[in-house]
Each structure stands twice: as structure tokens, then as C-alpha cells.
Amino acid sequence: MEQAIKILIVEDNVIIADDMQSMLEEIGYEIVDNVIVYEQAEEVLKTQQVDLVLIDIILASDKTGIDLGKHIREHYDIPFIFVTSNSDRATVENAKTVKPNGYLVKPFEQQDLYTSIEIALSNFIRSDKSGGGDTLQEEDIAVSNSVLKDSIFVKKQHLYYRIQFGDIQFIKADNVYLEVNTVDKKFLVRSPLKDYLEKLPKNKFYRAHKSYIVNVDHIDAINSKDIMINNNLIPISKEFKEFIISSMNS
């Protein structure tokens with residue numbers, strides 16, 4: 001099941017924070033929480049799923065947004081953007097030390113906020129590092145190679161979505177693209193099959209054939225040459241057939 005990107009807002013001006021939340025929800029993002037100090041943000045990160053953080057540099061506490069950025073860099077593999085009124089050289093240089101994924105200066109419009117988030121996400125999860133120059137036109141092509149502990153990002157239309165590993169049934173190689181088949185949808189990803197397999201949980205996903213990766217939890221039936229997943233007949237190698245049969249008998 002696809003889920004909207006979950007965003008944490010850390011902003012000590014309540015009016016600005018509420019305005020940001022309204023802008024983001026109108027676009028289609030989900031706001032996990034809206035907090036004003038470092039300690040509250042730390043607790044949310046510890047207890048909830050967060051995909052991206054918007055951080056004011058000056059907070060209503062001794063610890064600043066830059067302290068929070070450092071904490072995120074050290075403990076979480078997620079992008080964050082500084083949203084601040086301060087654009088002086090000293091503040092920018094200080095902010096650069098924690099390598100934010102974006103820097104947005106107040107005041108800003110909804111489109112500025114959307115653009116900053118999408119660029120931050122795209123840069124954070126870009127898979128095509130070869131610089132080949134291909135222009136991808138398909139609306140459902142993912143540009144993701146970054147995975148979280150239970151899911152992976154894919155892009156659909158103008159937003160990135162989180163796809164739970166458990167919802168992926170099988171993956172089929174098709175030239176330079178992969179078809180990632182979920183329970184009810186299909187997404188295109190630009191990646192070699194071998195590289196994509198390395199991103200998936202090793203106890204669930206196996207290369208069943210030179211052109212297929214399957215989630216063993218979704219196998220409905222098996223014979224000497226094929227397995228069936230959601231009425232899709234998928235060819236399998238001899239080694240994979242032996243592995244499945246041995247697993248069934250263990």
C-alpha cells in the first residue's frame with residue numbers, strides 16, 4: 001500500500017508552523033507532528049515514522065535547529081531542510097556543517113516549499129548516479145535506491161510514496177527498467193535486477209529466475225517449472241525450486 005511522505009515540522013512560531021502544515025496537507029503530504037523545541041522533535045523521531053524534517057534554525061530552547069540537524073545526521077537516515085529567516089553568511093556557514101538537504105528562507109510560498117521538499121527527496125534517493133542523460137517520461141518511474149527499514153520510495157505523478165516491502169509481490173526485469181508489482185499496482189524503476197535485490201530483505205526476497213525477484217510470502221503455487229503469484233505464472237530456476245521445496249519440508 002502506498003503511503004504519503006510523512007513530514008515533521010519543527011518551528012517555534014506557531015502561526016508559521018500552522019501555515020506550513022496547511023500548505024503541505026493541501027499538496028498531499030502527511031504531517032506526523034508539529035513541534036517547537038529540540039526535545040519534542042527528538043521524541044517524535046524516536047517513536048514515529050518520519051520521512052523528512054523541516055527545521056527552523058532558531059528554536060524556543062537552548063538547543064538549535066542546527067543541533068537537531070546534527071542529531072538527525074548521526075542517528076537517522078532521513079533528509080531535512082532548514083526553514084529560517086536567517087540568511088546571513090555566518091548562519092549559512094554554520095548550517096552547512098550538518099549538511100542539510102535544503103535551505104529555505106522565510107517568507108516563502110507553497111510552491112517554494114513543495115519544490116524544496118521534492119528536490120531534497122529526489123537528491124536523497126536518486127538511483128541514477130551515472131549521469132547518462134536519459135530523460136524518463138513514464139509517470140510511475142521511481143528514482144529511488146534508498147530504503148528504510150521496512151519500505152522503499154517510489155515516485156508517482158508529482159509525489160514520492162513509501163511502499164512497504166510486504167506489499168511487493170514480485171519484480172520483473174524489462175530491459176533497463178524493473179516492474180515492481182505490488183498487490184494492486186505496478187511501478188517502473190530504473191535499476192539492474194541484481195542491484196535492486198541487494199536493497200530488499202534477504203529472508204523474503206529471492207532471485208527465482210534471471211529476470212525475476214519474488215517475495216516468497218506471496219507464492220500461491222509451484223510446479224516443476226513455475227510458481228504462481230496472484231495469478232501470474234513466473235518461471236523459476238532449478239535451484240530456486242529446490243530451495244522452495246526444501247523450505248516447505250523443513
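1. Residues 24 or more positions apart supply 51% of the protein's contacts that have a separation of 6 or more. The coordinates under review are those of a predicted model.

2. On overall composition, the protein has 250 residues, of which 44% count as buried. Its secondary structure amounts to seven helices and 18 strands.

3. On confidence, the mean pLDDT of the protein is 83, with 85% of the residues at 70 or more. Where pLDDT is low, predicted coordinates should not be read in detail.

4. An open sheet of five strands is present, with parallel pairing and the order β3-β2-β4-β5-β6. Its edges are formed by β3 (30-35) and β6, each of which pairs on one side only. From one strand to the next, the twist averages 20°.

5. Within this sheet, β2 (residues 6-10) and β4 (residues 52-55) run parallel and are joined by four bridges. In this region Leu-8 stands opposite Val-53 of β4. Helix α2 (residues 38-47) lies across β2, β3 and β4, and the helix runs at about 145° to β3.

6. Is Lys-106 buried or exposed? With a relative accessible area of 14%, Lys-106 is buried, because the cut-off for that class is under 20%.

7. Which side chains make polar contacts with the side chain of Lys-106? One is that of Glu-11, at 2.7 Å. Another is the side chain of Asp-56, joined to that of Lys-106 by a polar contact of 3.4 Å. Leaving aside residues up to four places away in sequence, Lys-106 touches Glu-11, Ile-16, Asp-56, Val-83, Thr-84 and Ser-85.

8. In summary, two points may be kept together when the model is used. Lys-106 is a buried residue whose side chain has polar contacts with the side chains of Glu-11 and Asp-56.

Technical notes. Residues numbered from 1 in each chain as written. Predicted model: local features only at pLDDT ≥ 70, side-chain atom pairs only at ≥ 80, totals over all residues. Heavy atoms only, no water. Buried < 20%, exposed > 50% of the residue type's maximum accessible area, 1.4 Å probe, protein only. Polar contact = N/O pair within 3.5 Å; in protein donor to acceptor, adjacent residues only side chain to side chain. Contact = heavy atoms within 4.5 Å. pLDDT = per-residue confidence, 0-100. Pairing = 2+ DSSP bridges. Helix = DSSP H or I, 4+ residues; strand = E, 2+ residues; numbered from the N terminus. Axes fitted to C-alpha atoms, helices over the stretch in contact; angles between N-to-C directions.
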